[in-house]
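This report describes selected local features of one protein chain. Please view the sequence and the model together while reading.

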Amino acid sequence: MHESAQGPATTPAPSRTAPTPHPVPGPRPAAVPRPGRPGPRPAPPAQRTPQQAAKPGPAATTPSVSTQVPQVQLIPASAEGALDAAEEAVDLLLDTGRAPGDVLVLTAGELHPWAAHELSFGEAAYWAQHDARDDVFYADAAQAERAAARPVVVFAVNGGAPDDVARSLPVALGRATALLVVCGDPQQINSVLGAGV
């Protein structure tokens, strides 16, 4: 009789809950869906040691910026592919449990489509979303000084003049309190980081 046969416990005891080993994928809790690109996940980003990471520049003395050097990860990408690489990095961060409000995405070249769309409703509404910290926020790297620090900053080097990238990268680093993910040409990024950004 199989009805009364009981093997090893197949359900957790009522007083305990079963551990969940990984975040369960599902819909984002974001108020406004972000445009994304389905596709394969990127390879794990290259890790830098704290000695290789650049020290924050003068912007780090402002109260809204971390005084610790965040971890720096590099995702190699062409200028044309940097935005896609940044999107994949954001998706991976969210899929592994990072809260959407913890992430700031900066672009060195053309604006992210979400930022361009939201700016069409006016700067006040756009920056109000930044201040609400309910979702991933996208901004032009030239406006990074206006953005508040967040645990994770994803910096897409999707164009822009080399001097502008060199000026924006230290600001992006100063806005990240835990992790800076840079998507772009490794030679260009390493030359900026190696210059003591």
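Glu 118 is buried, its relative accessible area being 8%. The model is a predicted one. Glu 118 belongs to helix α2, and its side chain forms a polar contact of 2.6 Å with the side chain of Gln 129.

Helix α3 spans residues 123-132, and its buried residues are Tyr 126, Trp 127 and His 130. These residues lie on the same side of α3, because the arc they cover around the axis is only 85°. An α-helix has 3.6 residues a turn, so residues three or four places apart point the same way. Ala 124 and Asp 131, on the other side of α3, are exposed. The partners against which the buried residues of α3 pack are α2 (113-119), β4 (137-140) and β5 (150-156). After α3 comes Arg 133, which has a positive phi, near 55°.

A further site is found in helix α5 (residues 186-194), where Ser 191 is located. Ser 191 is partly exposed, with a relative accessible area of 45%. The side chain of Ser 191 comes to 2.7 Å from the backbone oxygen of Gln 188. Ser 191 and Ala 166 are 25 residues apart along the chain, and their C-alpha atoms are separated by 9.0 Å.

The relative accessible areas of two residues are set out below.

| Residue | Class | Relative accessible area |
|---|---|---|
| Glu 118 | buried | 8% |
| Ser 191 | partly exposed | 45% |

The class of Glu 118 follows from its value of 8%, because buried means under 20% relative accessible area.

Notes: Residues are numbered from 1 along each chain as its sequence is written. This is a predicted model: local features need pLDDT of at least 70, side-chain atom pairs count only at pLDDT 80 or more; totals for chains, interfaces and linings use all residues. Side-chain values use heavy atoms; hydrogens and water are left out. Buried means under 20% relative accessible area, exposed over 50%, partly exposed in between (1.4 Å probe, protein chains only). Helices (H or I, at least four residues) and strands (E, at least two) are DSSP runs, numbered from the N terminus. The arc is that of the directions from the helix axis to the C-beta atoms. Contact means heavy atoms within 4.5 Å. A polar contact is a pair of N or O atoms within 3.5 Å; within protein, one must be able to donate a hydrogen and the other to accept it, and residues adjacent in sequence count only if both atoms are side-chain atoms.
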